[in-house]
Amino acid sequence: MANVELKNVIKRYGSVEVIHGVDLSVNDNEFIVLVGPSGCGKSTLIRMLAGLETTSGGTFLLDGEEASGPGADRGMVFQGYTLFPWLTVKKNVMFGLEVNGRSGSAVEQEALQWIDLVGLSHAVEKYPSQLSGGMKQRVAIARSLANQPQILFMDEPFGALDPHTRSQMQMHLLQIWKNVDVTIMFVTHDLDEAILLSDRILVLKANPGEIHEYIENPVPRPRSDAQLLSPEFLAMKQRLEELIHPKTHNLDAELPMVRMTSTSDQVE
Ligand SMILES: Nc1ncnc2c1ncn2[C@@H]1O[C@H](COP(=O)(O)OP(=O)(O)O)[C@@H](O)[C@H]1O
Ligand SMILES: [Mg+2]
């Protein structure tokens, strides 16, 4: 768990300001989801916080301490599978611990516990090429959590999965988050996913990227797919839709009517 404080965090690439002054306060064990139009700076922001990218200004405090560069206190899971193909599931999870200077049978035991937590005890000796997409992401999550980060950053981690697997992974992640003491910041452009997972949703806007709105998620926990059509879920989704893709004018009124068939066409 971690308490995160951002004050006026800025990112410039050359003379272009990509992130314009983000202020944010995240509570211990909070599940924050970032949404916003493509290119608004979600990945840039999360990469800065994970220490994979420098900031161009502002301050970032993790439990009151200024944070810079990657650290074992921060974990990251991306969309692409970042497992080592030549290592088994167990060795992939052990790797993160060994990189941080640990060794011996305690490391193996710990790795096995994290693998168990993500439901892959039956696959410890398998190689990544033998796993489905969902299983690979579970290994990536186990590997990140094995270092017991205070905060886990996830950038569209389920974006490459088929809808059914994705939905299973969402429920699975909620279960893990409930059982592990960790704060999560998660990027997605899938609004159902954002609402299913979050305590709070940060809506970013583009050019330059900044926070448009912070929204407390009113949908009660525990969450499940059964809520997707509940009134509060749909109202929340509509609100997000309007914030991310504001209707500026009525396009239909401007487009010429095109007849795709003539009355003599046989269309049935
Ligand atoms: N390394 C880079 N150099 C220059 N511009 C970049 C770089 N990385 C991202 N950008 C720009 O920053 C903006 C935000 O990108 P990104 O954080 O990837 O957006 P998102 O994840 O919300 O789609 C985009 O305009 C993108 O082109
Ligand atoms: Mg991105």
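Biologist: Two strands pair if DSSP finds at least two bridges between them; in what sense do E1 and strand E4 pair here?

Modeller: E1 and strand E4, which spans residues 57-62, pair in the antiparallel sense over 5 bridges, and leucine 6 stands opposite phenylalanine 60 in E4. Helices (H or I, at least four residues) and strands (E, at least two) are DSSP runs, numbered from the N terminus. This is a predicted model, in which local features need pLDDT of at least 70 and side-chain atom pairs count only at pLDDT 80 or more, while totals for chains, interfaces and linings use all residues. Residues are numbered from 1 along each chain as its sequence is written, and chains are lettered from A and ligands numbered from 1 in the order in which they are written.

Biologist: And how many residues sit between E1 and E2 in their hairpin?

Modeller: There are 2 residues between them, and glycine 14 in that turn has a positive phi of about 60 degrees. Strand E1 (residues 4-13) and strand E2 (residues 16-26) pair in the antiparallel sense over 7 bridges, with lysine 11 standing opposite isoleucine 19 in E2.

Biologist: Okay, what about the open sheet, what is its strand order?

Modeller: Its 6 strands run in the order E6-E7-E8-E3-E9-E10, with mixed pairing, and the edge strands, each pairing on one side only, are E6 (74-77) and E10 (210-216). Within that sheet, strand E3 (residues 31-35) and strand E9 (residues 200-205) are parallel partners over 4 bridges, where isoleucine 32 has arginine 200 in E9 as its bridge partner.

Biologist: Switching topic, at what angle do the axes of helix H2 and helix H4 cross?

Modeller: The axes of H2 (residues 89-99) and H4 (residues 133-146) cross at roughly 30 degrees and come within 8 Å; axes are lines fitted to C-alpha atoms, for helices over the stretch in contact, and angles run from 0 to 180 degrees between N-to-C directions. That makes H2 roughly parallel to H4, a label for angles under 35 degrees.

Biologist: Which residues in H2 meet H4?

Modeller: In H2 they are Val89, Asn92, Val93, Gly96 and Leu97, which meet Val139, Ala142, Arg143 and Ala146 in H4; contact requires C-beta atoms, placed from the backbone, to lie within 7 Å.

Biologist: Last one, which domains does the assignment give?

Modeller: The automatic or database assignment gives domain 1 (26-53 + 65-73 + 154-245) and domain 2 (80-148), and their centres, taken over C-alpha atoms, are 24 Å apart. Their contact takes 12 residues from domain 1 and 9 residues from domain 2.

Key: Two residues are in contact if their C-beta atoms, placed from the backbone, lie within 7 Å. Angles under 35 degrees count as roughly parallel, over 145 as roughly antiparallel, 65 to 115 as roughly perpendicular and the rest as oblique. Two strands pair if DSSP finds at least two bridges between them.
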